[in-house]
Amino acid sequence: MSLAGRRVVLGVSGGIACYKSCILARRLTECGAAVDVILTAAATEFVRPLTFEALTRRPVHTSLWDRDRALAHIDLARTPDVIVVAPATANLLSRAAQGLADDLLTAVLLATRAPVLVAPSMNDEMYANAATQRSLAMVRERGWAVVGPAIGALAEGPSERPGRMAEPEDILAEVERLIVGADSRLSGRRVLVTAGPTREPLDAVRVLTNPSSGKMGYSLAARAFARGAEVILIAGPTTLPPPYGPEVVRITTTAELLQAVEQRLPDADVLIMAAAPADFAPRVVADGKPSRSDGGFNLDLVPTPDVLELTTARRKPGAVTVGFALETGTATERARSKRDRKGLDLIVLNRADELGSGFEVDTNRVTLIGEHGETPLELLPKPEVADRILDAVERLL
Ligand code: CTP
């Protein structure tokens, strides 16, 4: 409920991407925001107001001329934490850029002091047109934020050029950045997150790894971005789609992870080591692909470099460092000594042998262990665990 108690005006102008605005309205509502939807006349040709009323459980606004809502445009302009226009068509953008107020949505945009976020959505030629580019430059100059457009399929067919509206989840992340980021201590801070497993080659085709999915680290990166941070995500091999927002650096082995962390650590205000590096690598990588018919395969393994320990000296003074400890059984003491040995402000203990926790699942039950004590958390979805960890980080910053 990252937007609990917040108010968002969602302006919807008339483009086919209107159907995705329904999903955005729903997600904003799920995050706790009170969402007031304004539809332009053209938008009502695509989606009926009733759809948004059902999704937001609030009245939907469509006209400047409703008898019982004479000053609706002023009320709607005054109250929100953010106004988001999605889709923002070429026509809406050029009317808003000119400062026209010939319908409810443009009147609200002209009367507001709230932050405004627009999600352009149109045919790729219309987007590339100098008139649209000029409108976008004008609204940017006025301080409005712009999300997208993305490159990808348009209603009229495939396209290699921008035009398609940003995905609802990505627009939501930008809305959260404007609202939550406004009072987060992470806003503008550089946050380095590592995620996923590493993979050590045994020969040309075989690897030594572990079942880490990367979900915990990806959630941390996405939630830190939603709080306004500049996030770099160093990710081992995972099948997860890259999160919207963070810069993603791909690595494979623990040695590559070490190098990537070493390089970026001096600028980081926060390091969160959620990666599960392979702890051992073969002393020698075998040539080619040894065959089963050769007999056995003897592994001579050596420990991989400890990234946290080896990079201590490269940490920025005052930076907050968080590590994870995946343990079996009750292992508070082991986690505590890892915290000391690795010079961590906070260690997140999770159990590998507990249902719903650890590798490959969407939930986690963790205990946060800091200098002054332990905070056991209930079983939560990983994005919520990420938020709790980031709350603790903010208190340490
Ligand atoms: N870690 C690291 N470098 C490694 C292994 C782990 O920086 N080569 C980090 C992990 O990202 C995690 C923390 O250290 O944040 C603890 O990892 P864990 O695997 O629990 O500890 P190990 O150092 O591997 O210790 P042990 O093998 O004794 O459990």
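## Salt bridge between glutamate 378 and arginine 388

Glutamate 378 and arginine 388 join their side chains in a salt bridge, with an N to O distance of 3.2 Å; a salt bridge here is a side-chain nitrogen of Lys or Arg within 4 Å of a carboxyl oxygen of Asp or Glu. Helices (H or I, at least four residues) and strands (E, at least two) are DSSP runs, numbered from the N terminus.

Glutamate 378 has a relative accessible area of 43% and is partly exposed. Arginine 388, at 30% relative accessibility, also counts as partly exposed. On this scale buried means under 20% relative accessible area, exposed over 50%, and partly exposed in between (1.4 Å probe, protein chains only).

## Basis of the model

This is a predicted model, in which local features need pLDDT of at least 70 and side-chain atom pairs count only at pLDDT 80 or more, while totals for chains, interfaces and linings use all residues. Residues are numbered from 1 along each chain as its sequence is written, and side-chain values use heavy atoms, with hydrogens and water left out.

## Domains

The chain is divided into domain 1 (7–181) and domain 2 (184–396), with bounds that come from an automatic or database domain assignment. The C-alpha centres of the two domains are 38 Å apart. Contact (heavy atoms within 4.5 Å) involves eight residues of domain 1 and 10 residues of domain 2.

## Salt bridges of arginine 161

The structure holds 30 salt bridges in total. In one of them, aspartate 124 meets arginine 161 at 3.8 Å, N to O. Aspartate 124 belongs to helix 7 (residues 124–128), whereas arginine 161 lies in the loop between strand 6 (150–151) and strand 7 (162–164); the two are 37 residues apart, and the pair links distant parts of the chain. Aspartate 124 counts as buried, at 13% relative accessibility, and arginine 161 as partly exposed, at 32%.

Glutamate 125 also forms a salt bridge with arginine 161, and here the closest N and O atoms are 3.0 Å apart. Because glutamate 125 lies in helix 7 and arginine 161 in the loop between strand 6 and strand 7, this pair ties together parts that are 36 residues apart in sequence.

Eight strands form an open sheet with mixed pairing, in the order 12-11-8-13-16-17-19-20. Its edge strands, strand 12 (247–250) and strand 20 (373–376), each pair on one side only. On average, neighbouring strands of the sheet are turned by 15° against each other, direction ignored. Strands of a sheet pair through backbone hydrogen bonds, either parallel or antiparallel; two strands are taken to pair if DSSP finds at least two bridges between them.

Strand 17 (residues 346–351) is largely enclosed by the rest of the structure, because five of its six residues are buried. Strand 17 pairs with strand 16 (residues 320–327) in the parallel sense over six bridges, and phenylalanine 324 stands opposite valine 348 of strand 17. Strand 17 and strand 19 (residues 366–370) run antiparallel and are joined by four bridges. Across that pairing, asparagine 350 faces valine 366 in strand 19.

## Strand 12 and helix 11

Strand 11 (residues 230–235) runs parallel to strand 12, with four bridges between them. Isoleucine 234 has valine 249 in strand 12 as its bridge partner. Helix 11 (residues 254–264) lies across strand 8 (190–195), strand 11, strand 12 and strand 13 (270–273), and runs at about 165° to strand 11. Axes are lines fitted to C-alpha atoms, for helices over the stretch in contact, and angles run from 0 to 180 degrees between N-to-C directions.

## Cysteines

The structure holds zero disulfides, a disulfide being a pair of cysteine sulfur atoms within 2.5 Å. Cysteine 18 is in no disulfide, and its nearest cysteine sulfur, that of cysteine 22, is 7.5 Å away. Cysteine 22 is likewise in no disulfide, with the sulfur of cysteine 18 as the nearest cysteine sulfur. Cysteine 18 is buried, at a relative accessible area of 1%, and cysteine 22 is buried with 13%.
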